[in-house]
Amino acid sequence: MELHSETFNPADFAWRGLTLTSAAAAHIHELVAKQTGILGVRLGVKQTGCAGFGYVLDTVTEPAKDDLVFETDGAKLYVALQVMPFIDGTEVDYVREGLNQLFKFHNPKAQNECGCGESFGV
């Protein structure tokens, strides 16, 4: 999926931003501490899954020029401006579910989500 900034004018939006829970911030701090040169985590969106879009996480060694940076307790979450219309207002959490530990996304823009929570539609 290709997201184009021409589809919206960023100046027309009052962004609510993204938030990290303390658990998500702590996990990002752990990732940064484990590898030299990591500045934080980038949250993106790609077209995938049964509901339309999926979240993509990657480590950041160098911010992109259109990245917005959301910081909680010193942990940095980078987001490309082009994906903000899809995830604005999202809370990023880090949870333990049974034996698994994973990031969870509470996205107020998601009108539907798949059963596993891996994809969403707006």
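## Sheet

Three strands make up an open sheet of mixed pairing, ordered β1-β6-β7. The edges are held by β1 (19-20) and β7, each with a single partner strand, so one side of each has no neighbour in the sheet. Strands here are DSSP runs of E of at least two residues, and helices are runs of H or I of at least four, numbered from the N terminus; two strands pair if DSSP finds at least two bridges between them.

This is a predicted model, in which local features need pLDDT of at least 70 and side-chain atom pairs count only at pLDDT 80 or more, while totals for chains, interfaces and linings use all residues. Residues are numbered from 1 along each chain as its sequence is written, and side-chain values use heavy atoms, with hydrogens and water left out.

## Strand pairing

β1 and β6 are parallel, with two bridges, and L20 stands opposite V92 in β6. β6 and β7 (residues 100-106) run antiparallel and are joined by seven bridges. Two residues lie between the strands of this hairpin, where G98 has a positive phi near 65 degrees.

## D93

D93 lies in β6 (residues 91-97), and its bridge partner in β7 is K104.
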